[in-house]
Amino acid sequence: MALIAPSLLSADFLNLERDCKMLDKSEADYFHLDVMDGRFVPNISFGMSIIKQMRKTTSKFFDVHLMILEPEKYAEDFRKAGADGLTVHLEACVHLHRNLQQIRSLGMKTGVAINPHTPVDLLRDVIHDIDLVCLMSVNPGFGGQSFIPHSLQKIKDLRQLITERNVHTLIEVDGGVNIENAGTIIAAGADVLVAGNAVFSSPDPSDTISQLKKL
Ligand code: DX5
Ligand code: ZN
């Protein structure tokens, strides 16, 4: 059984309070919050002021996925807005180890996301400092894309690295996850499933979350 992290990127922003309360009552484990700066990725989403508002609706874990350059400039602001975990992109960090120390010192769980082209091997010397690895199974920037099949091999490689190093890092898979492929993704070794489109475009999002939870 995996943890389920619905991505609010696919929520109805005119009814954000309704969608947040629905997730709060559902079997969702995390709120996955995608922050985009229009520089690291070719899209702009939302920032700390929206997260601060969402924080009023739930006490569930806020899993904040930063698709931004220079995340160190904003880590403290995201903490203040209510982030419980902060995930930065390896590709956006010149001093990744320093960024992780900063996140931890602010009292948050540390996360590192890697793009589809980035080998899992690059995490070898920092894995013991990471609470969650977010394996991107699409190119970041947009919801509703198709799962890249090679991601399954990356999940297996990362699981092997985690076992070898005897650490407790969670494997999160982000992008193109749906009811049809979730079982295979869990079998490959995923601990946390992000699902945006699959949840919010379904007729009954709360029921879709329950179905994902049962796999
Ligand atoms: C993509 C984001 C994802 C996205 C997932 O850049 O990081 O979290 O919202 O959406 P789906 O599940 O629709 O692929
Ligand atoms: Zn994400």
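An oxygen atom of ligand 1 lies 2.9 Å from a polar backbone atom of Asn197, a polar contact being a pair of N or O atoms within 3.5 Å (within protein, one must be able to donate a hydrogen and the other to accept it, and residues adjacent in sequence count only if both atoms are side-chain atoms). Taken alone, ligand 1 exposes 380 Å², of which the protein buries 99% (Shrake-Rupley areas, 1.4 Å probe; for residues, only the protein chains shown count as cover). This is a predicted model: local features need pLDDT of at least 70 and side-chain atom pairs pLDDT 80 or more, while totals for chains, interfaces and linings use all residues. Residues are numbered from 1 along each chain as its sequence is written, chains are lettered from A and ligands numbered from 1 in the order written, and side-chain values use heavy atoms, without hydrogens or water.

**Ligand 1**
- Ligand 1 is surrounded by 20 residues (a heavy atom within 4 Å); the closest are Asp34, Gly141, Gly144, Asp174 and Gly196.
- A side-chain N or O atom of Ser7 is 2.9 Å from an oxygen atom of ligand 1.
- For a backbone N or O atom of Gly176, the distance to a ligand 1 oxygen is 2.8 Å.

**Aromatic rings**
- The whole structure contains 3 aromatic pairs (ring centres of Phe, Tyr or the six-membered ring of Trp within 6.5 Å; planes under 30 degrees apart are stacked, over 60 edge-to-face, the rest tilted).
- Tyr30 and Phe61 form a tilted pair, because their centres are 4.6 Å apart and their planes at 35 degrees.
- Tyr30 is buried at 10% relative accessible area, whereas Phe61 is partly exposed at 23% (buried is under 20%, exposed over 50%, partly exposed in between; 1.4 Å probe, protein chains only).
- The charged end of Arg55 sits over the ring of Phe62, 3.7 Å from its centre (NZ of Lys or CZ of Arg within 6 Å of the centre and within 35 degrees of the ring normal).
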